[in-house]
Amino acid sequence: MPVAVAFTHPREAPVFLHRPDEVPGAGQVRVRVEACGLGLADFGFFQLDALPRQPLVPGLEAVGRVEAVGPGVTSSVGARVGLTPLASSCGACQACERGLERWCDAATLRGWHRDGFLTQTALVAADRVVPLEALDDAAVMAPLFASGWTAFAAVRATGLGAGHRLGVIGVGGLGHLVVQCAHAEGLAVAAVDLDPHRLALGVSLGASSGLDGRLDAVVVCTPSTQAVQLAARAVTRGGAVVLAAASPAVRFDLSLFDTVMRGVSVRPAFLGSRHELDQVLAWYRRGAVVPRVACLRLDEVPGRFWALRDGGFAGRLVATMG
């Protein structure tokens, strides 16, 4: 039976689950997952007093191969595909019509409303998979389908054009992709991170160290109250704070007076339009946006789960199914 890693109880480390293969229904494919990206959003479920569902398989982004198809599906068995967090949306509301389907009231997300991709096989709607090339590196590409997509959406949410200066707080799995997307858009980048190895990664990608000087916007890439408050203080008058990291266990507060009187706007970033995902994939093909990954095997995840909190690696943590 295929193996998944799942949360079964609040505030307890994930465990292995064995599940039978599911048979694809009409419009569905079963994907043999090759690599799944993991981050602080996944760790955030461990901190909850109650899980959104039990058991809960985390994992928002993955790459795999189609191994079975349901009726009416034209995908080829063996085709490599990318998997995103957005499982479904209504397709008819104002949000969907405006290209904002990730904020549709009826949207369902992997790793939250439905099982994520930290599993050897996953059943997915055929129209939600992203075709890839046969020789693509699954482990390197997996972070593009949530972290990379969100990184570009965060840069776009700032509203900045080439020549402006962007701050990035947190140069982890998401933040190092924000740095790369910002450079691809012609922005200058300044970055901070408490982990010297991650900050060094940001500098190696072209960011300057520290948030000194004029910052037209700041992207917060870590689910931290203090990081949000730092961003609001660091951005110039009339600038934007973009929240690109999410955790179900974190809240923040800002001075209403200071925020209003300095004209600071607070904007969310989560995924983006399909066109933006296509742009991220095009940058990857040109070598402009390439995830740096630290890999571990699926059977190592429960024992090394704490690395998501404690660090010890640079870039994105990726589980390979092996």
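Q: In this predicted model, which helix holds Thr259, and is Thr259 buried or exposed?
A: Let's start with the location: Thr259 sits in α8, which spans residues 256–261. Beyond residues up to four places away in sequence, Thr259 touches Leu254 and Val264. Its relative accessible area is 16%, and buried means under 20%. So the helix is α8, and Thr259 is buried.

Q: Which strands do the buried residues of α7 pack against?
A: Helix α7 covers residues 225–234. Its buried residues are Thr225, Ala227, Val228, Ala231, Ala232 and Ala234. These buried residues pack against β10, β13 and β14.

Q: Why does Ala227 count as buried?
A: Ala227 is part of helix α7. Not counting residues up to four places away in sequence, Ala227 touches Ile169, Val220 and Thr222. The cut-off for buried is under 20% relative accessible area. Ala227 counts as buried because its relative accessibility is 6%.

Q: How far apart in space are Ala227 and Phe252, C-alpha to C-alpha?
A: Along the sequence, 25 residues separate Ala227 and Phe252. In space, their C-alpha to C-alpha distance is 9.4 Å.

Q: Which strands stand at the edges of the open sheet of 6 strands?
A: The strand order is β12-β11-β10-β13-β14-β15, with parallel pairing. An edge strand here has a single partner strand, so one of its sides is left without a neighbour in the sheet.

Q: Which residue of β15 is the bridge partner of Val241?
A: Strands β14 and β15 pair in the parallel sense, over 4 bridges. In β15, the partner of Val241 is Val266.

Q: What is the bridge partner of Val5 in β2?
A: Strand β1 runs antiparallel to β2 (residues 15–18), and 4 bridges join them. Along β1, Val3 and Val5 point one way while Ala4 and Ala6 point the other way, and all are buried. The bridge partner of Val5 in β2 is Phe16.

Q: Which residues touch the most other members of the largest nonpolar core?
A: In soluble globular proteins, nonpolar side chains tend to be buried together. The largest nonpolar core here has 54 residues. Elements that each supply at least two of its residues include α4 (147–157), β10 (165–169), α5 (175–184) and α9 (274–286). Those touching the most other members are Met141, Leu144, Phe145, Leu166, Val168, Val178 and Val219.

Q: How many residues are in the second, separate core?
A: This core is separate, and its members include Val124, Val301, Ala307 and Leu317. Its residue count is 40.

Q: How many cavities of 30 Å³ or more are found, and about how much space lies in the largest cavity?
A: Rolling a probe the size of a water molecule over the atoms shows where empty space is left. A search of the whole structure finds 1 cavity of 30 Å³ or more. Among the residues lining the largest cavity are Val5, Phe7, Asp42 and Phe305, and by class the lining has 9 nonpolar, no polar and 1 charged residues. The count is 1, and the space in the largest cavity is about 50 Å³.

Q: Which strand gives the largest share of the lining of the second largest pocket?
A: This pocket has a volume of about 340 Å³. Of its 18 lining residues, Arg19, Glu22, Asp115, Ala122 and Leu123 are the closest to its centre, and the lining divides into 7 nonpolar, 4 polar and 7 charged. Strands β1, β3 (28–38) and β8 (121–125) each supply at least two lining residues. The largest share, 3 residues, comes from β8.

Q: Which peptide bond is cis, with omega near -10°?
A: Most residues other than glycine have a negative phi, and most peptide bonds are trans. Pro55 lies in the loop between α1 (40–44) and β4 (61–69). The cis peptide bond runs from Gln54 to Pro55.

Q: What are the phi values of Arg11 and Leu271?
A: Arg11 is in the loop between β1 and β2, and with 48% relative accessibility Arg11 counts as partly exposed. Leu271 is in the loop between β15 and α9, and is buried at a relative accessible area of 0%. Neither is a glycine, yet phi is positive in each: about 60° for Arg11 and near 55° for Leu271.

Technical notes: Residues are numbered from 1 along each chain as its sequence is written. This is a predicted model: local features need pLDDT of at least 70, side-chain atom pairs count only at pLDDT 80 or more; totals for chains, interfaces and linings use all residues. Side-chain values use heavy atoms; hydrogens and water are left out. On a 1 Å grid over the protein atoms alone, a cavity is a set of points where a 1.4 Å probe fits but cannot get out, and a pocket is an open set with protein on both sides within 12 Å along at least five of seven lines; lining residues have an atom within 4 Å of a point. Grid points are joined across faces, edges and corners, and a volume is the space filled by probe spheres set on the points. Ala, Val, Leu, Ile, Met, Phe, Trp, Tyr, Cys and Pro count as nonpolar, Asp, Glu, Lys and Arg as charged, and the others, Gly among them, as polar. Buried means under 20% relative accessible area, exposed over 50%, partly exposed in between (1.4 Å probe, protein chains only). Two strands pair if DSSP finds at least two bridges between them. A nonpolar core is a set of buried Ala, Val, Leu, Ile, Met, Phe, Trp, Tyr and Cys residues joined through side-chain atoms within 4.5 Å. Contact means heavy atoms within 4.5 Å.
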